[in-house]
Each structure stands twice: as C-alpha cells, then as structure tokens.
Amino acid sequence: MKKELQRKYLSDYYRQDLFLKLHRLQQHQFSVEEYVAEFEQLALKCDLSEPVENTIARFLEGLQPAIANVVQLQPYWTLQDVITLALKVERQQKTSKGTQFKFKELAGDKASHGIRGVASTSQEKLVPSQERSPGRPGSFSSGGTSSAPARKCFKCQGFGHIASSCPTRRVITVLEEEAEQEDEIQREELLTSPSRTKPTIISADEGNLLILRRLLSSQKEKQEQRHSLFRTRGTIQDRVCQIIVDSGSCENIASRTLVDKLQIPTENHPQPYKLSWIQRGNEVEVTKRCLVHFSIGKFKDQVWCDVLPMDACHLLLGRPWQFDKKTVHDGLANTYTLVQGQETFVLIPCPSTCDEGTAGQLLVSKTECLRAIQQADGGYLILVKEAEKKTAAVPEEIQPLLHEYSEVWTEELPAGLPPLREIQHAIELTPGATLPNRPPYRLRPDEHQELQRQIEELLNRGYIRPSVSPCAVPALLVPKKDGSYRMCIDSRAINKITVRYRFPIPRIDDLFDQLQGATIFSKIDLRSGYHQIRVREGDEWKTAFKVRDGLYEWLVMSFGLSNAPSTFMRLMNQIFQPFLSKFVIVYFDDILVYSPDVQSHLQHLRHVFQILKEQKLYCHKKKCQFLDQRIRFLGFIVSAEGVEVDSDKVEAILSWPNPCSFTDVRRFHGLASFYRRFIANFSTIAALLTELLKEDSSHWTAAAQLSFDELKKNMTSAPVLRLPDFSKIFQVDCDASNVGVGAVLSQEGRPVAYFSEKLNETRQRYSTYDKEFYAIVRALHHWSHYLLPKEFVLFTDHAALKFIESQKKLKGRHASWSEFLAAFQFVLQHKSGTLNQVADALSRRYILLQALHTRLTGFETIRDLYATDTDFKEVWVLCQDSPHKLFHRKEGYLFLGTRICIPNCSVRLALVAECHDGGMSGHFGRDKTLTLLKERFHWPSMQRDVLRYVQSCQVCKRAKTSLTNAGLYSPLPVPVGPWEDVSMDFILGLPRTQRNKDSVMVIVDRFSKMAHFVACNKTMDATHIADLYFKEVVRLHGIPKTITSDRDVKFLSHFWRTLWSKLCTRLQYSSTAHPQTDGQTETINRSLGNLLRCFIGKHIKQWDLILAQVEFAFNRSTNQTTGHIPFEIVYGTNPLTPLDLMPSATLTAVSKEGEQRSKEIKKLHQQVREHIVKQNTKYQKQANKHRKLQQFQVGDKVWIKLRKERFPPGSFGKLKPKADGPFRITKRINDNAYEIDLPGDYNVSAVFNVADLTPHYDIEEFFPTPGE
C-alpha cells in the first residue's frame, strides 16, 4: 500500500530533489536548533545510510563558519556530540553580544512608550523570510529549488524563529481612547454632577472583631497609604468583620472562618475550579459559594463570594463587586466612591490602629492590652519565641577519645574520591536489555540555576565527571523541609534492567533482641554514607544522568540505584563483622554501640572509631549521641528498661486529622502499623480501617471513627516492651474473637511483644474451639524463634484446649495443627476470661463497637425531641391535654392513629435502611419500601426520604438497572456535497458463499445517501479493508473528509488511523454499544437485508452474485430524507432502466451549456441539503417528545450499565451485577457522550452514551449528620 501511494502521488524526481536540498542546506541567519531540525528532517526523508563521518562533514559544511570553526577544534565522536557543541558555541556567542542587544532593546522600548494603542514600530523592520529573495541570508538555501517554509513566529508573524525566542517579545497594551474618555466623563459626572447630593463619608464599623488578633512586638512601623491595601470593617450578621477591597482579585472571596463561625449557608459552585497559588505545592479546590449580606455604616449590599481558607481578612471584594457597583478609586486618599440609589458614598480606609489583620508589626502598651482583653471579655496572649534546637552536650569521659580520632569528624566530606575498598558498587545489566535514554526534565530558571550549582559542587568535589555514556536518565530537584532543594536522579529506567542483589536487610525486631543487658548506648551517624563508596571501575557509564546542558556520570554511589542499599549493608557488615551481635548494631548509616557499663563502652567505641579511621569513613558529629541511657534509634526509644514508642511519632499520630480520602486512611494505617507490636490486638482494633482500604469500601463511617480514635488512644498508653532474656521462661497468652486473634509474649509479667491478626471471612465461620486453636498456632508460629529452643508456658481461656494432646480422633485441620505444636515444648494452662484480660479485653471490644454502631437511638431520646422538632412541635403542644385530629400522646410518644411519629433525627435513616436493605428486606423499590414503612411509622417527608435513600443505595445500583430516556436526539452535521462525508459498517453472519464471502462492507454517502455494498470476509484485517475501500470507493469518488464508523477493531487499528491521518481524513467513532450514533448506516443495513431476502430466493449461498443488482436498485430508489434519487444527486441525472428504453415523452431537458448545467446541479445540491435539514428537524422534534435532557459535569460521579454488548462474551452472567460504580467523569465529549475514569481491568472504551449512565447520590447529602 505504501509503495502504491508513493508511486501514485509522488513525482519521479521527488527523492532527487530531497538530496539536492540536503546537499545545499545552509544555516545562514537561522539558529542552530532550527538548522538541526531541518537537517534531521531532510536526512530522514532521504533515508541516508552513509558512514557517520560523512554525515558529520555534511552537517559542519552547512553551519555558520564562526560556529563550525570552533566546533572542529573540539573532540567529538558522534553527530549528537557535534550538535551539542554547536549549541554551546552559539549560546556563548550570543552571551558576548548580550550587552549591545539589551541596549537596543531598551531604546526600542522607550520609543514605543510614546504611542498609545499602536504596536511598536520595531516590528516593521522585521522582514518575513518568505518575502526575501532566494539568495539573501535568512533562508535555507537550496540553489535553484525552493525549500520547505521556515518556522513562523506566532507573536510577530515573522519567519526564522519561534515565539519563545522572538526579538520583539514584550507586552503591548492596546487601549481604546474613546472608552477611556467615556470613563473619565462618567467619573466627572459622578463626582461633580449637581443633581447628586453631598457624598456620605463612611468609615470602618466599630465593635469587637469576629476573631481578635494582636501581634506583640518590640518594633512599630509607620503605616502609609502608599503601600497599603484598602482595609475597612463591616458588619455581617451583627458581627464586625474585616473587609479588603482589592482590584487585583478576579473573584469575591469569603473566608472559611467567616462562613463556619456565622453559619452562612453555602451552595455548590456552578463552575468549580482549583487554585495552586495559595500555598506552594498544594491545590485548593473551590467548590462552594455563598451569598453574604454586609453593611459598612449606612451602606448595605449583598454579594456572591467563593468560599476559601483565607487569613488576610474575612471578606475580600474583588473586581466583580467593583464592576457591578461602578466604583471610583482615589489612589492618593485610598478611598472608593460609589452610588447607591440617589446617594453617593465614599468609603475611607480603616486607620492603622484598627487593622489587626495586617502583616505589619504593632506595639501596644500594657494598658491598651488590658483594655482590649476587657472589651473582648477574655482572650489569649501568645508569646512567640524562636525555637533553638539544643544539641546534647558531649560527656567529658569521651572528649579525649573524640580528640584522638578527630579526623573521623568532619564538617563535610573531603574533596576527591573515597579509597578503593574490596566492596564497590557494581551494576550488572540484564543481557540483551535496551539501554535507556530519557530526556531531561523541564525546570524553571531558578530551579535550573540551583541544579547547575549543585552539579558544579559535585564536579569540584570529584564525585561526578562529564560523560559520553550511551544511556542516561534525568535529574531533578526535590524540596527539603527547610525549603532548600536536593538533587535526585530518576533511576527507574536503569533499575528495571539491573540484576538485583539479594543481600539481606536486617529486621528491626531482630536487632533489638541483641540489646539485653545493655545500659549505656551511643549512636554514630555517617555523613553522606552513599558518597563514601566508589562505583566499580568500568561501571561509571551506567550511572550517567542528563540535565539540560550536559551529561554526567557518578564516580561514587548515588541515591536511587536499586542495589545501593545492599552494597552499603555489605560494606558495613564486612568491616564491623567481628563486633556484630556483641556490642555493635548496624542499620545502613546508623551505628548503635551498646555496653553494660561505661568503661567497657569506651573500649567498644575505640574499636569502632579505629575501624572508621582505617576505612576512611567520616561521621556527622552533630547527629551523634554518646554515653546515653535513653537513645532514639530507628523510630524507637531504646533504654535499659526496654523499647518504647518515639514520643514524636506518637504526637504525629495523636494530631492526625480525620482521614478524608483513601490515601489518608492508608497513610494513617501505615504509620500506626509501624508500632503494632506495642498494641494488643492491633488487627482487631484496626479491622474497620482495614476494610476501608478495600476497593468496595469508600465511606468514612461512625464505626471507623471509633476505631480511629481507639488506635490513637492506645498509642498514648503503649507500654515499654522489655527486651527478651533467653535465660528466663517465656509466657504466651492467646485469645480469639469473631474478628481476629491476639497474643501476648511476656516475661516476669512484663510484655515483650504483641501479636494480632484479622480473620478472613472463611476463618470467621470457624467454631469457637477452632478459633482459639488457630490463635495458638499463629502465635507460636510468629514467635517460633523465641519459643522453639526452650520450654514455655501457654495460657488460654478456652478450657477445651487443655485436652489437645490427649485427643485420639482429630479432624484434618486439627491434625495438621497438632503436628505443628508437637515441635514445641510447653505447659498448657487454662486462664479464665476474667483473668486473661491482657489478650481478651481488646479482642472483645470490636463486638462492642459494632453493637454501638448498629443500635438505634433509644425511644427515651425520641421523647425529648418532640418539643423542638420542626415537624411535630406544634402538634405536640396541641395534644398536651387531649387528642388533636388523629394525633394523640401515649407513654410520652406521639402517634398518628396506630403509627408512631418519628422526629427529625438519625432514627429516620435507620428505619428506612431497615425496611429497604435490612436482614428481612429485599432491596425493593420506593413503593414497596414506603408501604412497609407506613405500616408503623409516620413523618411528613417520608416519601422523599425513601426515594433519596433508594436512589443512593449502591447495592440496588449494581444489581438493578432499567432503560432510560436520557439524552436528546442530536443529528450529525449535514454535509455540503456528495462523497465528502461517508459512514461505514459491516453486516456479519451471512452464509459463506462459494467465493468464501461471509460479510458485506456497507459504505454510505451521508449527503446523497448513495451506498456501495462490497462483499468481503469477516477475517479481513484493516489492510485488506483499506484496499477494498480504495478499489471500490476512492477510484469513483475520491478521498472523503470524514469517515463515521463504530468502534470495530478494524477501525481502531493503528494502520487504519495512520492511513487516514496521512490523507487528512478525520475519523469519527460512535459510542461503544450505541449504534444509534450512526443510525443512517444501521437503517441501510436493515434495507439491504430485506433486499437480499427478496432477491436471493432459494439460492442462499449465491447472495454475493446479486449484490451489484441490489446496490443499483437501492441507489435508483428515492430516498425519504433527501427527497431525490441518489444517482441524480451525485451525477445530475438518473441511469437508464428497462422502462426508459420504451418510447416516451422526455420530461426533463438537459441544457447543453456547461455553466447552466453546473448551476442546476448546485441548485439541486442546495435543495437536497435544505431537505435534509428539514427532515432532521422533523425527526429531532418527534424523537425528543419522549426523551429528556440529562447532562453531567466533569467530576460528577455516575454509575455505568454493564451491557453484554460492550464486554467480551462470558464476562457477565445472569447473576453478575448489572451496573458498577461510582466513577468520575473526566471529559465531556458532547451532550450525549462522556468519558469515564474506568479502572484498568475493564479493558473497554471509556466513552459512554448518556443512556448508559445514571447519577450517583451520596446518602450524606440527603441525611446530614447532626450539627451540619
């Protein structure tokens, strides 16, 4: 196909012209980047297969002599090296001319300031390259042949450069003189009109602020209006609030504090948006707005405001308010003048004494401070002091030792490479793997400058060097906590092809087991430990990284490499091997030295320092601690008493806010799981949070909140775990519940470790005996390294387990468990549940949480709500002495007949839930649920509440679907002429003929409705289909502008898309499993089936022979939509039929003049188009009578119908869910089609028709919790 297209559409001299253009290509006045782009484009078109030396010579020949002469003096090996050198030389030459260019630029700016409303005349000096003569500089010279057009600038419309490098790049403000004069006239009329009354001067309101804030300082700055915003005070709901009028704000904004404190009602924003400039790295989503009624003195107004967290003020009046009120700002006095009704108001700014919201510093006296507190009826005085981290003093006992090994303690690593050691970082790549070559990340100018600074520092230290490596990964900057940046290498690509080491990383639990008997501890931290290990010689090129200005490779081990942790642990274990498990613990760059007394500890430290000195490993003295009895190590506090939780981590857990997303839950669960060995029955307590991490759980429930609070509470009371003493007897206490199993390992009554595990659904159905037995098995398996060597005591609160060893007949499960227990030596003792509180208390607590969650609010509480309930308080008063109509009191409850009245509380939701999805209910619809509820209960909005609950029931959404009439009929655009817009489809499942044909490809012209029916085979791929289309359609009607089809795999193939994109034909696809999009082709398919059945008779397998006859008959018949025959629309006349051969009077005469004939055809096409539009309007009106408009916005949650036509056969059965969701809408294609954020395991098109979407309702929106 490619060769045929080239032979048909390319001239014989095409390749020769390309070679001539490449041979004569010169740079002239164009940049190196543009010259390289043109050179590479021509080289690809010419398909060069010459040696690299020839290509480099050809490239250098076209460069400017000033650049080429410098490049030829530098060493290079590849064409890419030459290009890089040319870019650097060009940049250096531009820098040397920068001073002169800047002077000219400033002169041009001054000249342009004198013209208003007209662009700078400096642009007139730029001559576009297309107007220059072929021989002049500034265009790619190609001899006598015209070259491809140069790049066009979208800013100045010139050629030879792009907008980012445009020499006239500046901001030009275009103003209309007339509009400005009108504004000035309006201001003069506003201020000087005699009909206006004297302006009313309005100052700030007096009173206590909504939030009183004062800043105590020892300085006082002078406030000037020249540097001040317009600040004043206003009154909102009888509370004085701070107001700022800012013309630089595009929106009116109300602070979240104002809305929450005054409980101002909000509504969903009609056009939500995001802000990323409020706090760096975070995005603030604007989803709510509110109507604020405020007053400033006599002036009263209301304004719609977006709700945002804001500390500058309570209400910010931006450009929308100023535009609506036509305010006039006096910049000198900093006042705003506006007219309301017949009165003119002048708003003056608040004096500096009442401006508590400013960022400046204020000085108040003692008297003023006391007066402010008395006026506010109390307050808080906050003394702010700069926190200084105090470094622990180094004990005197160790000072001589530190002085003796002073070369180990350095402020920074010495320049140069570390010494050659036996262990170096080696990188072994997978044989045959493709080397990565990733482009550098785009950075801001300041980030790029910081990256260059760090690279220069590494170069000076000798840690990196320039590289010519064939592989490269990008470098980037990552912000630190202090605001500075750390350079990181994105080594994911090279890590994928690296052979992984399997060197073990020690477990933290195993490290702490070695500390038994230690009372003195010291911690040593290495300085930049990775940079103290060299990369194996010959592997440096594998660590290459790329930045915008160069390629470098590491000579020392860098962060991010996959085997770096293993290499570091290998080195540390090798050099400290004689001391490991004796008095040294090593975990990467953290070294813990432990000893029973001070004297031995000093000797141990000497051994460690000597090794560090011999290996030339340097330490960070400020991060080291010496001779401590309590030391922070790996997130724990280690002491002679044992191991306990780090207080800083506990504080982080206690201050953790309520999770608002799946990610928040996962983060909290991960942090709490780090200390699970300190919490008894952790899995049982965290079971509800674990459920939220599953895919089918997405709502934060009250039970989850209780679990969240319980975990935080247990972290505060976490015990100090004693270190195991293997010379003493261990005790194991086990217990099980319906949710999980738990165990405690202890010695002498003090816990050593806790263990817990959540039971899955299968094990939750075990009997009580099996659960208790399983708890023992899991606990002994978890602590087998403690319990196998010696005898221990095993406690359980299940009496039947005392006879484990004496049972003769065992089940299969019990037999395998008993065989496992036979390896242990233990004494089994029974402990009643009241005594086994350590393992039993938290195991049972989960059941209590579930009971509290499912229990309804008691009727005693309901009786107290009638008097204040909005629905029943009036009836409650009327029924105090006697019944009122059908309402009456009984035992403190209100009844309507025999039905009890339920006030507005959580009981309503619980009752609706029980009648709809309770244990004895069947998720019935609104009517049946309402009938069940009305039998015993009553409240006014029962029908609405039931409807909303049923709409928000996710089980019903998944299990039940119904046909909807959502989406209006939207016809496709009407084409302009014949065979410019076509539609395609296939008719499958026909009997296989003798010519091996079993399908028909249907091609329809959407303008004339002419169709071509082409017999084909179902197994044909996109290549054969394209060949058929060119043979049957293109040869008769040419290339179409658009092709409309369904999402058949042939039409979605890469070949089909690429072919038509090359021919500038736009492909239009219908929604998946929604053939109504291309209803025209589907209608013709039905007509073709009817014609074939009429023509074929009994010769079923001969249908392909009469396909041409059927096509002629169809195209000769009048189409209802166009009102004409397709032949007549396309060719201007109808073909002859057997009836036309009979003698008859000629009804129509064809003009012999071509121009007259052309006018007739154009008139015919215009009539056809008008008729199509008329018919479409008629169809649209008729179809939309029974349809409704259903629209969604981006970000809305919807449910999708799982129709079997959309998915592969067998994916969904009769008992599979009929819907799934909720999913978010990511893109709106049109009113009837939306793109959904589907999970990756669906493997289907994410575009859905609106008829297959139903809105998602959250139950919290309909039944708000108390206090909302």
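1. Helix 35 (residues 1054–1062) lies across strand 33, strand 36 and strand 37, and runs at about 135 degrees to strand 37. Contact here means heavy atoms within 4.5 Å. Helices (H or I, at least four residues) and strands (E, at least two) are DSSP runs, numbered from the N terminus. Axes are lines fitted to C-alpha atoms, for helices over the stretch in contact, and angles run from 0 to 180 degrees between N-to-C directions.

2. This is a predicted model, in which local features need pLDDT of at least 70 and side-chain atom pairs count only at pLDDT 80 or more, while totals for chains, interfaces and linings use all residues. Residues are numbered from 1 along each chain as its sequence is written, and side-chain values use heavy atoms, with hydrogens and water left out.

3. Five strands form an open sheet in the order 35-34-33-36-37, with mixed pairing; two strands pair if DSSP finds at least two bridges between them. Strand 35 (1011–1016) and strand 37 (1066–1069) are the edge strands, each pairing on one side only. On average, neighbouring strands of this sheet are turned by 20 degrees against each other, direction ignored.

4. Within this sheet, strand 33 (residues 981–987) pairs with strand 36 (residues 1042–1045) in the parallel sense over three bridges. Ser-983 stands opposite Thr-1044 in strand 36. Helix 34 (residues 1022–1037) lies across strand 33, strand 34 (999–1005) and strand 35, and its direction is at about 150 degrees to strand 35.

5. Elsewhere, the axes of helix 3 (residues 32–46) and helix 4 (residues 52–62) come within 11 Å and cross at roughly 135 degrees. The two helices, helix 3 and helix 4, are therefore oblique to each other; angles under 35 degrees count as roughly parallel, over 145 as roughly antiparallel, 65 to 115 as roughly perpendicular and the rest as oblique. Tyr-35, Val-36 and Phe-39 in helix 3 meet Thr-55, Arg-58, Phe-59 and Gly-62 in helix 4.

6. Strand 7 (residues 299–308) is largely enclosed by the rest of the structure, because seven of its ten residues are buried, that is, under 20% relative accessible area, against over 50% for exposed and partly exposed in between (1.4 Å probe, protein chains only). Strand 7 pairs with strand 4 (residues 253–255) in the parallel sense over three bridges, and with strand 6 (residues 284–296) in the antiparallel sense over eight bridges. Strand 6 and strand 7 form a hairpin with two residues between them, and Gly-297 in the turn has a positive phi of about 65 degrees.
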